[in-house]
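The following exercises are meant to be worked through with the sequence and the coordinates side by side.

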Amino acid sequence: CAQAPDAAHNLARPGDDEALASPWPRRHLRSTQVRRPETTGCLVGSSSEPDQPARRSLRFILLVALANAGGVIGFLPLLTLLLPVKVAEIAGADRIAVFTATVIAGALAASASNILFGWLSDRSVSRGGGRRRWIVGGLAGLAASFAAIAFAATPTQIILAVVLFQAAVNAMLAPMFAVMAD
């Protein structure tokens, strides 16, 4: 077992109320494992390796890959093909300026919402919930954002519709990407 310098005085036993600094993260210890001072930090009980998560089946991995591909297919055509046409229809001669503002606002919304919805879905999982409601909510928002983009008639409306679109896509994709890590 690896020995850290001066580790003997930092060791904690289950039930200790005081927080002791330890060179080993306690979160990796199973509840039956104890650090013994006489062995300078070696674990008593099972191995010192953290619990290994259950392996995912090939079917699960393929379904998650298909869902991720579907998520990408859901937003890629809009951003690469349809959005430039819609912006040119709305903005006319100012299409480059409006398209630039739309893409920048969308990128900022995507960055912020990916972090936000990833964090929210992580909190849901840690509290006993799941990620499914975030994925379904993102899908509903995605449908609403497609309608908003279709009915946008001014540069401001198209920018807001793309911000909604990017937030919805990331509300759907951020939890979906985290499923594999779970």
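Leucine 79 is found in helix α1, where helices are DSSP runs of H or I with at least four residues and strands are runs of E with at least two, numbered from the N terminus. The model is a predicted one, in which local features need pLDDT of at least 70 and side-chain atom pairs count only at pLDDT 80 or more, whereas totals for chains, interfaces and linings use all residues. Residues are numbered from 1 along each chain as its sequence is written, and side-chain values use heavy atoms, with hydrogens and water left out.

**Exercise 1. The surroundings of leucine 79**

Task: State whether leucine 79 is buried, partly exposed or exposed, and find which residues beyond four places in sequence are in contact with leucine 79.

Solution: Begin with the relative accessibility of leucine 79, which is 24%, so the residue counts as partly exposed; buried means under 20% relative accessible area, exposed over 50%, and partly exposed in between, with a 1.4 Å probe and protein chains only. Next, list the contacts, meaning heavy atoms within 4.5 Å: once neighbours within four places are set aside, leucine 79 touches Pro84, Phe165 and Gln166. Finally, compare sequence and space for glutamine 166, which is 87 residues from leucine 79 along the chain, while their C-alpha atoms are 9.9 Å apart.

**Exercise 2. Two further positions in helix α1**

Task: Classify valine 64 by its accessibility, and do likewise for alanine 88.

Solution: Valine 64 also belongs to helix α1, and its relative accessibility is 9%, so valine 64 counts as buried. Between alanine 88 and valine 98, which are 10 residues apart along the chain, the C-alpha separation is 8.7 Å.

**Exercise 3. The packing of α1 and α3**

Task: Describe how helix α1 packs with helix α3, giving the angle and the distance between their axes.

Solution: Two packed helices are described by the angle between their axes and by the distance between those axes. For helix α1 (residues 58–91) and helix α3 (residues 132–151), the angle is about 10° and the axes are 12 Å apart; axes are lines fitted to C-alpha atoms, for helices over the stretch in contact, and angles run from 0 to 180 degrees between N-to-C directions. This makes α1 roughly parallel to α3, because angles under 35 degrees count as roughly parallel, over 145 as roughly antiparallel, 65 to 115 as roughly perpendicular and the rest as oblique. At the contact, Gly74, Leu78 and Lys86 of α1 meet Phe146, Ile149 and Ala150 of α3.

**Exercise 4. Serine 121 and arginine 131**

Task: Work out which side chain makes a polar contact with that of serine 121.

Solution: Locate serine 121 in helix α2 (residues 95–126), where its relative accessible area is 0%, so serine 121 is buried. The side chain of serine 121 makes a polar contact with that of arginine 131 at 2.7 Å; such a contact is a pair of N or O atoms within 3.5 Å, and within protein one must be able to donate a hydrogen and the other to accept it, while residues adjacent in sequence count only if both atoms are side-chain atoms. Arginine 131 is placed in the loop between α2 and α3 and, at 8% relative accessibility, is counted as buried. Its side chain also makes a polar contact with the side chain of aspartate 122, at 2.8 Å.
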